[in-house]
Amino acid sequence: FFKMTKLIDNKLYLIIFTSLVARIVATIIFGDKVIDMEWGILLNNLDNNGVLSVRDVDGIPVPNIFMPPLYPIFLYVIKYLFGDPTIFLVIIKILQVVFSIISIYLFYKILLEFYSQNISYIGTIIFSFFPLNIYSVSQISSITIQILLLNFFLLSFIKIFKGKSLKNLIIFSISSGLLILLRGEFFVFVIFSIIYLFLSQKDLKKILLVLFLTILIVSPYLVRNYQTFGVVTITKSVGYNLLKGNNPLSKVEGIGMFGAVEKIVPSVKTKLDELNALGPINEHDLIKDKILLDQAITYIKEDPLRYMSLYFKKALSFIFIDVDSTYPNYYSILNILPKIIISITTVVAICVLLKFQINLYNYFIMYYLANIGLFSFFFILPRYNLSLLSIQIILSLYLLKRIKPKL
C-alpha cells in the first residue's frame, strides 16, 4: 500500500480521492441493508449448519455445487471476525470500497502499458466514474472482488506477454485460481489465456508453472467436490443457467430464480419432486442440474430457430443494451448513455484493430468476444457488463490515441 502511495501523482491522487468520495456516498445512499438471495442462504448455512449449501431438502441443507465458493467464504470470514450484524455489513462495504479503489490504481497501471500518461488519466476517469461501477460497490455482490481480481489478472498477463519477471507469473496464477473460485466458468478464460501465452512465447516452462499454481489454488475445493459428489469440478450449474435462458418464457435476462424455472416446466417439477423424495442426499445439487440440463436441451431441439434467434439477441444486448429489460432503473440515463457510448467505441475499435496476429490488442478482442459468445448461450444480466469494462476502455482508448494528434 505504501509503495502504491509513492507512485501516485497529484492528478491520479485527485481521481482516486474523488472516486473514494463517490463510492462512500453511493454506499450510504444505495447500500444493501441485508444479505439476501443466494449469498444470504449460503452464509446462513455456513454460519448455522457448518455446510456450504444453497438448497435444503426437508429442512436439511444439502452440499452446494451450484454456486462458486469464494464470495460466501469471504462473507463468512468477515462475519466470524465481526459478529455484530451491523458492524459486519459496514466492514463488508468498507472492504468493497477499498477493493474498488485498488482496482482503479491497477487499471491505471494497465493503461500505462499501452498509452501516454494523459490518455491513461482519461481512461482511469472513465473507469472510476462509470456509474454502474460506482453503484456496484454498494451492493452485497461478488462483482467488486471480481473486478479487482480481473485487473490483477490482466496486468500480470500483459507483463508476462512482454516477458517480465517471475513475480507476474505468480500473480497471474493466483488471480486465475481465485477467479475460478469466484466464477466457476472463468476456467475457460484461463485456458484461453494460457494457450495465447504459449502461442506468443512457446515457453512450456512458464505454462506448466501457471497451470501448477492455478490448480494448487483451486485444488482444496476440487478435492471437496470429488469427495462429496464424485466429480472434479468447481460448480455444476450449466443445467440451471441453460434452462433459465432457454425456455418458452425466457428473454435476454432469462426467467426464474430459485424455483421459478421448475414451476413453469411441469415435467421438470415432477422429476424434482421424485428427487426430493430421496431425502437430503449429497448428490442432490448434481442430480438436479442434470434434470434441468436435459430439459433445456429438449427445448432447444424442439425449436432450434427460436433459440438461435434468442442467442443473437442476447449477444446484441450484451454488446449494446437490452431493449426488453425488466431491471429497476435499467433505462436510467446514467446507465444507458455510458453503456451505449462505450459499446459503440468498443465495436469501432475492434473493427480498426482486429488483425490475424498474436498481439495484446487481439488478445483483448478475443477475450471480449469469447465472453459474449459464452454468456449468450445462457442469459445476460446488467452486471455482466462490468466484467468487460476494463477491456472495453482499453480498446476504446485506441481510437482516442489515433485521433489525438489530429485535435
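This is a predicted model: local features need pLDDT of at least 70, side-chain atom pairs count only at pLDDT 80 or more; totals for chains, interfaces and linings use all residues.
**Stop 1: Phe114 and Tyr361**

The structure holds 32 aromatic pairs. Begin by selecting Phe114 and Tyr361, a tilted pair with ring centres 5.5 Å apart and 45° between the planes. Phe114 belongs to the loop between α5 (85–112) and α6 (117–129), while Tyr361 belongs to helix α18 (residues 360–375), so the pair ties together parts that are 247 residues apart in sequence. The cut-off for buried is under 20% relative accessible area.

Lys162 lies over the face of the Phe114 ring, 5.7 Å from the ring centre.

**Stop 2: Arg55 and Phe66**

Select Arg55 and Phe66 next. Here the charged end of Arg55 sits over the Phe66 ring, at 4.4 Å from its centre.

**Stop 3: Tyr311 and Phe312**

Move to Tyr311 and Phe312, an edge-to-face aromatic pair with 5.5 Å from centre to centre and 85° between the planes. Tyr311 is buried, with a relative accessible area of 19%, whereas Phe312 is exposed, at 51%.

**Stop 4: the largest cavity**

There are 6 cavities of 30 Å³ or more in the structure. The largest contains about 100 Å³ of space. To find it, select its lining: Phe130, Leu132, Tyr330, Asn335, Lys339, Ile342, Ser343, Pro382, Asn385, Leu386, Leu389 and Gln392. Which elements give two or more residues to this lining? They are α17 (333–353) and α19 (389–403). Colour α17 separately: with 4 residues, α17 provides the largest share. By class, the lining has 7 nonpolar, 4 polar and 1 charged residues.

**Stop 5: the second largest cavity**

The second largest cavity has about 70 Å³ of space. Select Val252, Glu253, Ser317, Asp322, Ser325, Tyr327, Tyr330, Lys339, Ile380, Leu381, Pro382 and Asn385 to show its lining. Among these, Tyr330, Lys339, Pro382 and Asn385 also line the largest cavity. The lining of the second largest cavity divides into 6 nonpolar, 3 polar and 3 charged residues.

Note on methods: Residues are numbered from 1 along each chain as its sequence is written. Side-chain values use heavy atoms; hydrogens and water are left out. Rings of Phe, Tyr and Trp (its six-membered ring) pair if their centres lie within 6.5 Å; planes under 30 degrees apart count as stacked, over 60 as edge-to-face and the rest as tilted. Buried means under 20% relative accessible area, exposed over 50%, partly exposed in between (1.4 Å probe, protein chains only). A charge sits over a ring if NZ of Lys or CZ of Arg is within 6 Å of the ring centre and within 35 degrees of the ring normal. On a 1 Å grid over the protein atoms alone, a cavity is a set of points where a 1.4 Å probe fits but cannot get out, and a pocket is an open set with protein on both sides within 12 Å along at least five of seven lines; lining residues have an atom within 4 Å of a point. Grid points are joined across faces, edges and corners, and a volume is the space filled by probe spheres set on the points. Ala, Val, Leu, Ile, Met, Phe, Trp, Tyr, Cys and Pro count as nonpolar, Asp, Glu, Lys and Arg as charged, and the others, Gly among them, as polar.
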